[in-house]
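Please open the structure in your viewer and keep the selection tool at hand.

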Amino acid sequence: QVQLVESGGGLVQAGGSLRLSCAASISILRLNAMGWYRQAPGKQRELVAAITSGGSTNYADSVKGRFTISRDNAKNTVYLQMNSLRPEDTAVYYCNADLNNRLGIPLTYWGQGTQVTVSS
């Protein structure tokens, strides 16, 4: 069982910045990958950014150049730095973690979500 606790959401004006944090209950070095997803009202949950155990990253086209995912292995925490925020970035942001259990079965865990609201 992996517990993920997000923090850092809030209300910000367009053009502003926020940094989201996701603290894991286990060493993140044991995880295949971690990511941030978001879900706006009436829309499907979508991948925002992800980082693998090897440090490779990928981003949604809509956030490239504005958002940066990073991790601190010592703190078992992954961050999402969000700059130049736009009203369309408004959503609940969820932290995600993937790992294989002892039987090699892939498992996915989710945090409880944190609200990000960008005002115009």
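The lining of the largest pocket comprises five nonpolar, three polar and two charged residues. Here Ala, Val, Leu, Ile, Met, Phe, Trp, Tyr, Cys and Pro count as nonpolar, Asp, Glu, Lys and Arg as charged, and the others, Gly among them, as polar. The model is predicted: local features need pLDDT of at least 70 and side-chain atom pairs pLDDT 80 or more, while totals for chains, interfaces and linings use all residues. Residues are numbered from 1 along each chain as its sequence is written, and side-chain values use heavy atoms, without hydrogens and water.

**First selection: the pocket**

Select Gln1, Val2, Ile26, Arg30, Leu99, Asn100, Asn101, Arg102, Leu107 and Tyr109, which line the largest pocket. Two or more lining residues come from each of the elements S9 and strand S10 (106–110); strands (E, at least two residues) are DSSP runs, numbered from the N terminus. The volume of this pocket is about 160 Å³. On a 1 Å grid over the protein atoms alone, a pocket is an open set of points where a 1.4 Å probe fits, with protein on both sides within 12 Å along at least five of seven lines; lining residues have an atom within 4 Å of a point. Grid points are joined across faces, edges and corners, and the volume is the space filled by probe spheres set on the points.

How many salt bridges does a search of the whole structure find? The search finds four, a salt bridge being a side-chain nitrogen of Lys or Arg within 4 Å of a carboxyl oxygen of Asp or Glu.

Select Arg38 and Glu46, whose side chains form a salt bridge at 2.7 Å, N to O. Arg38 is buried, at 6% relative accessible area, whereas Glu46 is partly exposed, at 36%. Buried means under 20% relative accessible area, exposed over 50%, and partly exposed in between (1.4 Å probe, protein chains only).

Next, select Arg66 and Asp89, where the closest N and O atoms of a salt bridge are 2.8 Å apart. Arg66 lies in the loop between strand S6 (57–59) and strand S7 (67–72), and Asp89 in the loop between strand S8 (77–82) and strand S9 (91–100), so the pair ties together parts 23 residues apart in sequence. Arg66 is buried at 7% relative accessibility, and Asp89 is buried at 1%.

Now display Arg38, Glu46, Arg66 and Asp89 together: a network of salt bridges links them.

Finally, select Asp61 and Lys64, which are both exposed and whose side chains meet in a salt bridge of 3.1 Å, N to O.

Key: Helices (H or I, at least four residues) and strands (E, at least two) are DSSP runs, numbered from the N terminus.
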